[in-house]
Amino acid sequence: MPKNKAGFVTIIGRSNVGKSTFLNYVVGRKVAITTHKPQTTRNVLRGIYNCEGAQVIFVDTPGVQSGKTVLDKKMNKAAFASLYDVDLILYMIDCNQRINEQDRLILRSLKNHDIPKFLVVNKIDNLKNEAHMVENVLSLMSELEFDEVFYISSLDGNNVERTLNKIIEYLPESEPFFSEEVENLQTEAFMISEIIREKILLLTHEEIPHSVGVIIESIKEDHEVEDLLVIEAKIIVERATQKGIVIGKNGSMLKEIGTEARKEIVRTIKRKVYLELYVTVEPNWKSYDLGVKKAGYE
Ligand SMILES: Nc1nc2c(ncn2[C@@H]2O[C@H](COP(=O)(O)OP(=O)(O)OP(=O)(O)O)[C@@H](O)[C@H]2O)c(=O)[nH]1
Ligand SMILES: [Mg+2]
């Protein structure tokens, strides 16, 4: 009879390498929003994988980056802090990217953590230059002794199950931390705010995605329409010009954001929803402590 295994596994890496896509794939549901834009994830998120005899709690982290704002620094700090008190670390890279300063920062930090570490080379479905990838991997392996190396695709799932099985092998014997009924470790309000932010990231360009924060002001039952949930959300931008862009001509952009977000919120929380969005300017909110706090990032 195999023993029960359970533990926490942090996924760390630069922005855009596919950490959140991996989390969503293994957990089998959308825990984290994912986009092609860097710095999509801003919080540490958790998702649970259950199988016969094992439970893995994956910890997704903001991509390590070189930004200088208070928010950027908080995000890096959160990513590095999540290396503590876990049982295993997945360090993810994109198979097509050369190692940079952020990777070196991560490597230095990994050296301080005496737990199993896997190097996970992602996006293998889209490999452009095998020689470059091998060079990168060898260079990383010469700096740090990884316990295992995997070449995977979080998009089509190639090699993900093998990675998962190996993770479980390394985890300590333990009873599960959460009952199998627990699906979601983030609050519903957080999920809703992230869905709205995802639609903004996907629909807007240039500096807008990085400048936006979303706060859920209220979630209430409607007084008149049965089963209708009224959600009021505030979109925060850094400058008045950005407010204009997010609202769009005659409100067209805000309407599109609202329509796309509402559809997904309905699918996610399985309720009828009325979504009310408005936009406010909080000058340079990402650059000072209180602004970051007000935008919901503690
Ligand atoms: N081709 C390919 N694309 C992938 C794969 N995994 C992720 N992507 C894409 O890469 C982009 C970034 O994915 P995310 O999961 O948001 O990346 P992340 O590492 O969480 O990024 P941050 O949250 O910004 O740190 C998205 O467009 C994904 O669809 C993969 O295995 N293959
Ligand atoms: Mg992410």
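Strand E3 is covered on both of its faces in this predicted model. Strand E3 spans residues 54-60, and because 7 of its 7 residues are buried, it is largely enclosed by the rest of the structure.

**The sheet of six strands**

To which sheet order does E3 belong? E3 is part of an open sheet of 6 strands with mixed pairing, in the order E2-E3-E1-E4-E5-E6. The edge strands of this sheet are E2 (45-51) and E6 (148-151), each of which pairs on one side only. Neighbouring strands are turned by 25° against each other on average, direction ignored.

E2 and E3 form a hairpin with 2 residues between them. In the turn of that hairpin, glycine 53 has a positive phi of about 80°. The pairing of E2 with E3 is antiparallel, and leucine 45 has aspartate 60 in E3 as its bridge partner. E1, by contrast, runs parallel to E3, with alanine 6 opposite glutamine 55 in E3. E1 (residues 5-13) also runs parallel to E4 (residues 88-94), and here threonine 10 stands opposite isoleucine 89 in E4. Helix H3 (residues 101-110) packs on the sheet, where it touches E1, E4 and strand E5 (117-122); the direction of H3 makes about 165° with that of E4.

**The sheet of three strands**

A further open sheet has 3 strands in the order E7-E8-E9, again with mixed pairing. Strands E7 (213-221) and E9 (272-281) stand at its edges with a single partner strand each, so one side of each has no neighbour in the sheet. From one strand to the next, the twist averages 20°. E8 (residues 228-237) and E9 run parallel, and glutamate 232 stands opposite glutamate 276 in E9. Helix H6 (residues 188-203) packs on this sheet and touches E7 and E8, with a direction at about 130° to that of E7. Helix H8 (residues 240-247) packs on the sheet too, touching E8 and E9, and its direction makes about 155° with that of E9.

| Strand pair | Sense | Bridges |
|---|---|---|
| E2 and E3 | antiparallel | 7 bridges |
| E1 and E3 | parallel | 7 bridges |
| E1 and E4 | parallel | 5 bridges |
| E8 and E9 | parallel | 10 bridges |

**Domains**

The domain assignment of the protein gives domain 1 (5-170) and domain 2 (188-294). Their centres, taken over C-alpha atoms, are separated by 28 Å. How many residues does each domain give to the contact? Domain 1 contributes 9 residues and domain 2 contributes 13 residues. On the side of domain 1 that touches domain 2, the residues divide into 3 nonpolar, 4 polar and 2 charged.

**The shell around ligand 1**

Ligand 1 is surrounded by 24 residues, of which the closest are Gly18, Ser20, Thr34, Thr41 and Gly63. Helix H1 (residues 19-27) supplies the largest share of this shell, with 3 residues.

Definitions and conventions: Residues are numbered from 1 along each chain as its sequence is written. Chains are lettered from A and ligands numbered from 1 in the order in which they are written. This is a predicted model: local features need pLDDT of at least 70, side-chain atom pairs count only at pLDDT 80 or more; totals for chains, interfaces and linings use all residues. A residue is near a molecule or strand if its C-beta atom, placed from the backbone, lies within 6 Å of it. Helices (H or I, at least four residues) and strands (E, at least two) are DSSP runs, numbered from the N terminus. Domain bounds come from an automatic or database domain assignment. Two residues are in contact if their C-beta atoms, placed from the backbone, lie within 7 Å. Ala, Val, Leu, Ile, Met, Phe, Trp, Tyr, Cys and Pro count as nonpolar, Asp, Glu, Lys and Arg as charged, and the others, Gly among them, as polar. Two strands pair if DSSP finds at least two bridges between them. Axes are lines fitted to C-alpha atoms, for helices over the stretch in contact, and angles run from 0 to 180 degrees between N-to-C directions. A residue is buried if 20 or more other C-beta atoms lie within 10 Å of its own, exposed if 12 or fewer, and partly exposed in between; C-beta atoms are placed from the backbone.
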